[in-house]
Amino acid sequence: MPNNIILTGFMGSGKDSVGREISKNTDLSFFSMDDYIVLKEKRTINKIFEESGEDYFRKIEKETLNEIKNIKNTVIATGGGVVKDKENRKVLSGMGKVVYLYTNLDAVKKRLKNDKTRPLIKNRDNIIKIYNQRMDKGLYEFADKKIDTSEITQKQVAEKILKDLEVKTKTMAKSFKTLTIKTESKVYPIYIGYNLFRENNSRINLELKSEKAAIISNPLVGALYIDELEKTLLKEGIKPYICIIPDGEKYKTFDTIKSIFDMLLKENMDRSASIIALGGGVVGDMAGFVASTLKRGISLIQIPTTLIAQVDSSIGGKTGFDHPLGKNMIGTFYQPDMVIIDIKKLLTLSEKEFRNGLAEVIKYGIANDKTLFDILEKKQQKIINRDIELLEEIVLKCAKIKKTVVEEDEKEEKGIREVLNYGHTIGHIIETVTGYSKYSHGQAIAIGMVKEAELAGQENLLSKNDLLRIKNQIGKYGLPTSIPENIDLDEMRKFVAQDKKVRKGKIRLPVPTGIGKIIFREVECKKFL
């Protein structure tokens, strides 16, 4: 099965409708470039053309392709004019199988007869002019496959694509697993399964106490998944409000937090309203902080869409945002009312983002579970290939570990929860000194895990064999194992004193004494690193 199916064609060829039909019958998610641009720009395509012009729109299209070029297992509906740019055509060809939905001029005119949403054909005579221009230049002919959609239904087009490309049908969803976390402040469920929001048959009852909910997400995740979540909410009589924030750790700041408050307060979100965090760790942390403080606390549901969020950050109630002097320096402990983990959402992750999450999985194996570490060693290829059943097993194991630790030490007051910080002290400092933009969280903590294991080795707490296994495991999953030479160690040491674990000039670190075993050591800050 190709990683992606890219649909191109003139306006009116049915790219979005065909894409949704393909997605409905396969494990591929659906992504519309136009939907993404609307979410990112926070205005309609018509408004973009009216206010900023076509050249600006084409610039945004080009940026969009660059931002989604590493997405996987997705059927992508492109805008009709994206093929005008030669570089765009090259990028599309590298993303998967490109299918050209050809439609003859008579069919195009018939389909667009009453369409008033497209800015390029407000003057109806432009349909013929633009159509002939693009056909004469053969702009769509770079595609791997061409299908004439003029006389057949969108469902028939989708069926033909699936047959010709030999795409597998949808994986049958099994019953989902439920864990229940019981903390001093709240008891709540974690649901883990595959395709939990499948069309017309959501497998989860959101059980919200209000008729209003704010979905906080970023443009990429929103374009992929907001539609299915909106349908689920509307079916349950809940009015959704969409709050889109920029993507990336560098936006995990007070300015973004303030913008969320501004949007929600303008929508008159009261204390009975709910916040739904739809995204990775950045979205989850910030949405959680807003939920914990807006009107002194409102309902929170976490729907993590990255591996790192599914196995770690969405569970346990840590919220917050970054400060130039340190990562997650401002935040709260605030447990969600529910965590919904849909394994299907891991299939669309870029290779880099997937491996980013594997760093946290490796952490659990080293710090808590030798069996999990063994699985990572023995089944590496199946994991990299994203075997659905194996991913579900791994996420469930990690969630159980996190549940146990959080129940014993909800707010890190007993020192038990600190075991989950293995690799994070050095990792967070690397993120901080590089401005939260050069290294992903997973890459940074991967380095941290190796350095903290080396510290244990230097004190004869960890055998050379186990140190080698740790280093090899991290490296085999494509993660870094050493502090880059361009990072100044003296600069890193300056940030050690800001760490939340520092007491009386010493920092308390979890270090491994074997696979699945952790003890704590106090290290003088001035001798650290």
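Which residues does isoleucine 192 touch, not counting residues up to four places away in sequence? The answer is Phe176, Lys177, Leu179, Ile341, Ile343, Glu392, Val395, Leu396 and Ala399. This is a predicted model.

## Nonpolar cores

Isoleucine 192 belongs to the largest nonpolar core, which has 72 residues. Within this core, Ile190, Ile192, Leu307 and Ile430 touch the most other members. Helix H15, residues 388-408, supplies the largest share of the core, with 10 residues. A second core is separate and has 55 residues. Leu92, Val98, Leu278 and Met338 are among its members.

In soluble globular proteins, nonpolar side chains tend to be buried together.

## Aromatic pairs

How many aromatic pairs does a search of the whole structure find? There are eight. One of them joins tyrosine 100 and tyrosine 102 edge-to-face. Their centres are 6.1 Å apart, with 80 degrees between the planes. The pair counts as edge-to-face because that angle is over 60 degrees. Tyrosine 100 is buried, at 2% relative accessibility. Ring pairs also bring in Tyr140, giving a cluster of Tyr100, Tyr102 and Tyr140.

Phenylalanine 254 and phenylalanine 321 form another aromatic pair, and this one is tilted. The distance is 6.2 Å centre to centre, and the planes are 45 degrees apart.

Phenylalanine 321 has 5% relative accessibility, so it counts as buried under the 20% cut-off.

## Charges over rings

Tyrosine 102 has a further partner besides tyrosine 100. Lysine 146 lies over the face of tyrosine 102, at 4.9 Å from the ring centre.

Arginine 386 is placed over the ring of phenylalanine 354. Its charged end sits 4.4 Å from the centre of that ring.

## Aspartate 466

Where is aspartate 466 found? It is in helix H18, which covers residues 464-476. Is aspartate 466 buried or exposed? Its relative accessible area is 14%, which is under 20%, so aspartate 466 counts as buried. Neighbours within four places in sequence aside, aspartate 466 is in contact with Gly514 and Ile515.

Terms used:
Residues are numbered from 1 along each chain as its sequence is written. This is a predicted model: local features need pLDDT of at least 70, side-chain atom pairs count only at pLDDT 80 or more; totals for chains, interfaces and linings use all residues. Side-chain values use heavy atoms; hydrogens and water are left out. Helices (H or I, at least four residues) and strands (E, at least two) are DSSP runs, numbered from the N terminus. Buried means under 20% relative accessible area, exposed over 50%, partly exposed in between (1.4 Å probe, protein chains only). Contact means heavy atoms within 4.5 Å. Rings of Phe, Tyr and Trp (its six-membered ring) pair if their centres lie within 6.5 Å; planes under 30 degrees apart count as stacked, over 60 as edge-to-face and the rest as tilted. A charge sits over a ring if NZ of Lys or CZ of Arg is within 6 Å of the ring centre and within 35 degrees of the ring normal. A nonpolar core is a set of buried Ala, Val, Leu, Ile, Met, Phe, Trp, Tyr and Cys residues joined through side-chain atoms within 4.5 Å.
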